[in-house]
Structure formats: structure tokens, C-alpha cells
Amino acid sequence: MRDVAIVSFAQAKNVRRELDANEVEMVMPVVREAVEQSGIPRREIDFTCSGSCDYLAGQPFSFVSALDAVGAWPPISESHVEMDGAWALYEAWVKIQIGDIDSALIYAFGKASMGDLPDVLTLQLDPYYMAPLSPDSVSLAALQARAYLETSGHSERDLAVIAARSRKDAKTNPAAQLTGDFDPERLLGDPYLVSPLRKHDCPPISDGAAAIVLAAGDLARKVSKRPAWIRGIDHRIEAHGLGNRDLAKSLSTAEAGRRAGVGDGNVDVAELHAPFTHQELILRDALGLANDVRVNPSGGPLAGNPMMVAGLARFGEAARLLMDGQASRAVAHATSGPCLQQNMVAVLEGE
Amino acid sequence: MGEHCAIVGIGQTKHDTLRIDVSVPGLIREAVTKAFEDAGVSWGDIDAVVLGKAPDMFEGTMMPELFLADALGAVGKPMLRVHTAGSVGGSTALVAASLIQAGIHKRVLTVAYEKQSESNAMWALTVRIPFQQAIVAGAGGYFAPLIRAYMARTKAPEDTGIRVALKDRLNALKNPTSHLTFPDVTYDMVRDSPMLWDPIRYLETCPSSDGACAMVLAAEDAAKQSPNPPAWVHGTAMRSEPTMFPGRDQVNPQAGRDCAAELYKKAGIQNPRKELDCAEIYVPFSWFEPMWMENLGFAPEGEGWKMTQEGATAIDGDLPVNASGGVLSSNPIGASGMIRFAESALQVRGRAGEHQVPGAKKALGHAYGGGSQFFAMWIVGSEQP
């Protein structure tokens, strides 16, 4: 495999409702910042790939206009996944592996404020057997949380501790939406949203955008003092039906983590795309992370969760720690679908 | 260029207005089962799945790859979902090919589909305010002015579109998967069909179809074990240009010209009209045949219509275009691009049946989307490059 690294990362501030900018206007400054940071002139970037979802805007082809934010003139080599931007990063990584190109721009955007997100996500379910029952995304996560708490020995208090830690860590992240000091004991005094989940166990609803530039081998070394090298990357999907898999485990994360080589060395830090508190614990188990591995120092999805962006942002946040020299080996993770149906895992290393 | 990639299995559904006999998973399985039979493989032989389709709103399911993971045998495997507007079927095949070319997988299943009977594509494709001014209705409303501009520029005979439609509708009679078939179609019948978006007549327009297309792509070793002759990928290319940009020429887009130039370079093609034996081009409205002939460099600028008028693009012409009957005959939108790619591969494998172009060795598959701004292309050949 060719050595490929993340050489820059930029993201918009996560907000509940972006009223002043449409999707193109959200993407444009983020793309500009990532490209500038990368040190690679925009016209020399070989490939562009994006991730987004029409259902958030409620209109077909929302990615078509977003392309205008990139300045695709003269015409560019470009593609799009109707998935989280992390999968766009994977597509670009594959393209670079072929050997014809050396760099790629990846961006993602999501403006959930244009609809009612839990209801919109219901339309992601099997249209014949599940969607007609209209379970919302929080209720499905609650089923998973119940299954996990009853088999793992963890308590609702453990979940509140994760929420408090995430919001506290997010205080140093200028892009975070939900920050502050919270006492887990007081959080536990709140009523259930959907038992066993309380409001703090759920991610905020966010509008956001993010961009990353990838570069291969010598180009990465030339433009970056400390590139964040992708040492392994893999993704797997599981059965869709919630009755067809063990919700308390994430077999696809475990398999992707094994193939990405998570266990082949010491992990300093992990950025996990766990929108709900209990999912962080499920992912920790699946990846076999030791107790001292720091998870989501950015605050993670519990501090800001723009759909289609939050997975790519995990890659960016993990890479930033390596580029800043704060860590030398990191795990980045992205998820898609109800109850962690699809998962991607990468191992990133500093120079 | 990376590892060699071959197409070893191809399957299509019977495309139709309303496939009420199958669900979405059933529609996909029909195409995949045929592709597996052709390739002599089964679910266990597949390393990864790449799915493509046009807007999710056509069927009303957001990110349908999630619920289709089971029907596509993707559980425990990597699965990607591509969406690049109308070119998506083509770019999906290119993403699948890149997984082989990068040396990551041995066999990849790629599938594209649309079940348009679940909604109304005409209005689904009409972008509404506040996203765009309400000035056009459907794709025909968008493309008709571009055709008008082409006619004004080239002074092409007014019946060029009719001739394209007649040719493609006659070709469709030779293809068992065709959605629209008019056994007694004539020049007069096309000419006298109702005008929908002037100058596009009813019979010069693509249908809305339910349908799917599947391909099994394989690395060199796996391709050499396959029971039927493979088609080899000689080159691939993608290009996109912006939507709102006054410098665009939407009649003869720069993105299409650049895409073709890179493609020919990669495939070592100097003279595409001479060196290619046939082409499957994305022609949703008849006039796009002459327009793309110029954009793809088969004809000098302003002279694409001559190829149609002279019969060069007929199945017995010097460059048969859309021997399958093309998008005018079957149009499950998300799959239409992949069908072009698959039909070009069928031709060089000698497995196109009644619509086989005799002795085809090298062929072009082409797809475009958006407002003529997204392009995906490949060249496949019977010989390993």
C-alpha cells in the first residue's frame, strides 16, 4: 500500500441552526481553509470527493450545487458518496492507492436544521418492514442502550460521566456546539427522554461542514512537517434488521479495527463517532481499547454532531492531534445507519 | 493504472414501467443473480459491494444501501454508496473498478438501480424554490433550450432527432431487456408523436423505468478463471464542472471534452472514431447523440449531426451508437449509466445477442448527469491491455 496522510483539516463551527448560510456558503470557507493549510495549490489537487445526503435538505441533488463551493473550473476529477464524508475519504484513499494521483480534497456538509432530524432518520429504515412503524432514531438508540446496559454491567451513571467528560473536553474546541462543566450526579436527576437515555446521552442536532486534504508519500512530507499517516483503514456493514444482530456488540467495528491494525501497537487517543453515550462503550469494547486510551478529546459527537460530517471530523480531529505532536498513534472511527450498522476504522500515526 | 480490472459478469433486469412483481431488493437480486450466473461466482466469492442510484427521493428511502445490505450479501463486507446525479451508474462502476485497480479486492459486485414507479421523476427532477428559480419542468425542460442552441449553432437538419429516435427504437427491438418497444415504429410515427418540450417529441424522450444492472468486476487472476470471456478495462475518467458559472458551454461542455481526452490518453487511443468499434452513450433525449458525438471527438465541432444523418451511428454503421436501444428505450435513472458501461462490455465480450456489433473489440461506455456537468466514461476491450 502507498503511504497516504491527512495534511490538513478544517471545520465550520457546529450550530443548532445556521440561518445565515446555505450549504454552498457553509462549505466554501471550510474548503478554502483546508486547501490553504495543506500548502497544495487548489488546481494541483488531483481528485475531489464529497459526502452528503439529500434527505437533510429535503431536495434532490443537494451535492450538485455544493460543488460550486469548490470552484470546479477548469473541470475537475470528482465524485460523491451519499454517505458520511469518511467514506468519501476512503474512496479518495483508494484512488491514490492506484498510483496515478497524489492528492485529494474531501469535504462533507449537513444541514439537519432544515427538517426534523429524528423523523427524517426514520426514512433510513427498511421501507417495507420497519419504516412504516415510524421508530425515531432516539428510540432505536434507547433499545440498543438497554441491551448494552443489561449485558455489560455498566450503569446509567457511567453514561452520564461520558456526557460530562465530552462537554468538558469540548470547552477547548472552538467548533463545538455543546460545552461546559456538568456534574454527572445532577445530570442523572434529569427525566428520561426515552428510557434509559436522558437528554445528555443524545447528541445535539447540528449544522456543519468539514474538509480534509490527503497527500501521498513525498508530497505529504514536502507540504507538511508532521503529516498524519493512514497506516490502516477498513470498513464493514452489518445486517440492517435490529433483530438480526446483537445490538450490545459492534462486530463490524471489531472486524474493521482488526483489519486496520488497531491492536498492532499502543493507541494514545481515539476519536470515535459515537453519537450516543452508550455507543462509546460499545465501540471501546469492539476496538479492544485499553482503559487509559483517551477518547474524544475534541468533545466528540456529543458536543456537535452534523450528519454526514461528524465521521469525517473524527478523522480530522485525530489527525490534528498527530500533526500538533500531541499524540503519536490514534484511532479514527466513523459510523452510519441505525444503531452503529456500518463502521469504518483507521489507524493514524504521526511522523 | 494499477492492477488490471476485468468485467466477468453482467446482469440486467427486464426493465419496465412498473415492476410491481418485485420489491426493491427483489429487483436488485434479479440483476445480481444473472451477473453471478455469467461470472460463475456466488455470494461468498464477493469481497465488497458498491451501490449506486440517483436521488433517494425517487423511492422515498434515505440512504437505501443500509437496508439493502442484506439483499446484496454485503453483511460483514465493505459497502460503498455512490451518487453523482445521472452519471451515477457510470461513476459507481468506476469506484468499483478502482477497488480492483488499487489491489484492495479480488472480486467486487457493483449494482445500480432505480424503481421509478415509486414516484414521479418528472417532478422529482424539478428543483423547487428556494433552491432554484421555478423556470423549468423536469429534465426535458432543462435540456430543450440546450438542444435549441445546438440546432441554431450547427444548422443541423430538423429531423436529426427523429432519426436518432427511430434508430434507437429499432435497436431496442433486438434487446430482450428493453422497456419501450414499438414493433411497428416508423419515421412518421416518431415525427407525428406529440411535442413535449419543443423540439423534443414524445418518442424522442426517455421513459421512466424500474430496473437494475449488476456487474462482477475481477482482478487478473480471478478474471482468468471465469467461464465466459472477460472485458478488460483499458481506461477510466471522470470530470465535473460547476452549476452556476457563466463561462460554461452547456451545449459542448468542457468537462465532457476533458474527460474524453484523458480517457483516450489512458487507453492509448489516437483516433476514437477509427479505433473504437462501438459506443454506448447516455442519450436521454434524441438530440444528445449528435451533441455527444462532437463532445467525445467522434465528429468535428458542428458536424455531429452528419454522423446520424449518414447512418454512421446505426448498428451497421462505422461507429454503432447505442446498439442496445440506449436510454431512450430503458431508463431506470440511477442504473442508466451503468447499463451503458455494461452494454459496452457485453459488446467486446461478444455476448450482446441479437444487438451484437459483429467483431467488436473496443468500446466506449459513457454517462453524464446534472445539467450536463458530471461525466464518467470507460473504454473496455476484448484483449488485456
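Two residues are in contact if their C-beta atoms, placed from the backbone, lie within 7 Å. This is a predicted model: local features need pLDDT of at least 70, side-chain atom pairs count only at pLDDT 80 or more, and totals for chains, interfaces and linings use all residues. Residues are numbered from 1 along each chain as its sequence is written, while chains are lettered from A and ligands numbered from 1 in the order in which they are written.

**View 1. Helices H7(A) and H11(A) meet in chain A.** Leu159(A), Ile162(A) and Ala163(A) of H7(A) contact Thr277(A), His278(A) and Glu280(A) of H11(A). By class, this contact has three nonpolar, two polar and one charged residues. Nonpolar means Ala, Val, Leu, Ile, Met, Phe, Trp, Tyr, Cys and Pro; charged means Asp, Glu, Lys and Arg; the others, Gly among them, are polar.

**View 2. The axes of H7(A) and H11(A) cross at roughly 100°.** H7(A) spans residues 156–169 and H11(A) residues 277–287. Helices (H or I, at least four residues) and strands (E, at least two) are DSSP runs, numbered from the N terminus. The two axes come within 8 Å. Axes are lines fitted to C-alpha atoms, for helices over the stretch in contact; angles run from 0 to 180 degrees between N-to-C directions.

**View 3. Chain A touches chain B.** The contact takes 47 residues from chain A and 52 from chain B. H2 (54–57), H3 (62–66), S3 (78–81), H4 (85–98) and S8 (228–237) of chain A each supply at least two residues to its side. H4(A) gives the most, six residues. The chain A side has 23 nonpolar, 13 polar and eleven charged residues. The predictor gives the complex an ipTM of 0.98 and a pTM of 0.98.
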